[in-house]
Amino acid sequence: MRLEQLEYVRAVGEHGSLRRAGEHLHVSLPALSEAVTKLERELGVTLLDRHRSGTRINGTGRELLPRILEVLDAADRLRAAARGESEFHRPVRVGSVYFGMTAIVLPAMLSHEIDHEHTTVDLRQLRHVEVRDGLRDGSLDFGLVSLLPGDDVPPDLEATELIHGRPVAVLPGNAALARQARVSVDDLRQEVFIGARPGYLMDRVARRVFGDSPPLKWHTADSADVSKQMVSSGIGVSLMPDFGLQGDPLEANGALAFRPIDDEETVIRLVMLRRRGGRPAPAARALFDHVARHAALHVNAPA
């Protein structure tokens, strides 16, 4: 039995089919299938259902998946120990999308009383897929991502919802639209729009909001900070989650204005992810719990 064989079974479970697992792992289908077949022979069970329409994990494979994750998690801890990263001295590794950092992680760190004298935090701003992959390969202890309705959490990860909100219009502080209490989607269509690159959640949000009638001119940026600077410079308007904009200094100095939009359907959830069945270090558990408590206070704080 080899660890990569277990990784392959996990990938099939995560991605739904042998083909998609191979694409994610950059492993050919014949090599992937042969490795899993050898594992099945060694274990004496069938882990995958193989049909002309595709190859997927079966009931036995799903039952054994938690045990497979335990083995892979133990291997990650062994590698960390070999690198000299003891549970109490290595950094707590947190990956977060931008709005998770600004709304929850950084405020929680400011108020966090470190339980262990030598605890430090390695905080990385990442895309959703990078957070997910970091949790799976053991390079992250937990992560924060944003989800839209219909987005699923992979079975090998567990999610704790922190906060939810709606997209709001981000406007230059001196714009005519900033004088309105609310902004219609048609109003935004008439403006130069600054969106996120394809693959980022806010690109998906904007395309849901605008539907089949997007703004005629659409710039893109891969950083919320850059987008806000572009808006404050008067280049255009944007959309961002309301929960990530509270106390923004650009709004405080009048460079930006945030206004609700006439869209009642798009809900953005900020969730905290960790590997299902994993055994985080005490410092990582403590920070995870503190972030969850801080988010609960954030939600219940008076407006």
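Trainee: In this predicted model, what is the order of the three strands that form an open sheet, and in what sense do they pair?

Mentor: The order is E10-E7-E11, and the pairing is antiparallel.

Trainee: What makes strand E10 and strand E11 the edge strands of this sheet?

Mentor: Strand E10, residues 238-241, and strand E11, residues 256-260, each pair on one side only, and that is what puts them at the edges. The neighbouring strands are turned against each other by 40° on average, with direction ignored.

Trainee: How do you know that strand E7 and E11 count as paired?

Mentor: Pairing requires at least two bridges between the strands. Strand E7, residues 167-172, and E11 are joined by five bridges in the antiparallel sense, so they meet that requirement. Within this pair, Val170 stands opposite Phe258 in E11.

Trainee: Which helices pack on the sheet?

Mentor: Helix H8, residues 201-210, touches E7 and E10, and its direction makes about 115° with that of E10. Helix H9, residues 224-232, touches E7, E10 and E11, and its direction makes about 135° with that of E10.

Trainee: Why is Asp248 called buried?

Mentor: The cut-off for buried is under 20% relative accessible area. Asp248 has 7%, and is therefore called buried. Asp248 sits in the loop between E10 and helix H10, residues 249-252. Leaving aside neighbours within four places in sequence, Asp248 is in contact with Lys228, Leu256 and Phe258.

Trainee: In the open sheet of five strands, what is the order, and what kind of pairing does it have?

Mentor: The order is E4-E3-E5-E12-E6, and the pairing is mixed. Strand E4 (121-125) and strand E6 (157-165) stand at the edges, because each has a single partner strand and one side of each is left without a neighbour in the sheet. From one strand to the next, the twist averages 20°.

Trainee: What makes strand E5 mostly covered?

Mentor: Six of the six residues of E5, residues 142-147, are buried. Phe142, Leu144 and Ser146 point one way from the strand, while Gly143, Val145 and Leu147 point the other way. Helix H6, residues 128-137, lies across E3, E5, E6 and E12, running at about 145° to E5. Phe142 and Leu144 are also among the residues with the most contacts inside the largest nonpolar core, which has 55 residues.

Trainee: How do you know that the buried residues of helix H2 line one face?

Mentor: The buried residues of H2, residues 18-25, are Leu18, Ala21 and Gly22. Seen down the axis of H2, they fall within an arc of 100°, so they line one face of the helix. They pack against helix H1 (3-15), helix H3 (29-43), strand E1 (48-51) and strand E2 (54-57).

Key: Residues are numbered from 1 along each chain as its sequence is written. This is a predicted model: local features need pLDDT of at least 70, side-chain atom pairs count only at pLDDT 80 or more; totals for chains, interfaces and linings use all residues. Side-chain values use heavy atoms; hydrogens and water are left out. A nonpolar core is a set of buried Ala, Val, Leu, Ile, Met, Phe, Trp, Tyr and Cys residues joined through side-chain atoms within 4.5 Å. Buried means under 20% relative accessible area, exposed over 50%, partly exposed in between (1.4 Å probe, protein chains only). Helices (H or I, at least four residues) and strands (E, at least two) are DSSP runs, numbered from the N terminus. The arc is that of the directions from the helix axis to the C-beta atoms. Contact means heavy atoms within 4.5 Å. Axes are lines fitted to C-alpha atoms, for helices over the stretch in contact, and angles run from 0 to 180 degrees between N-to-C directions.
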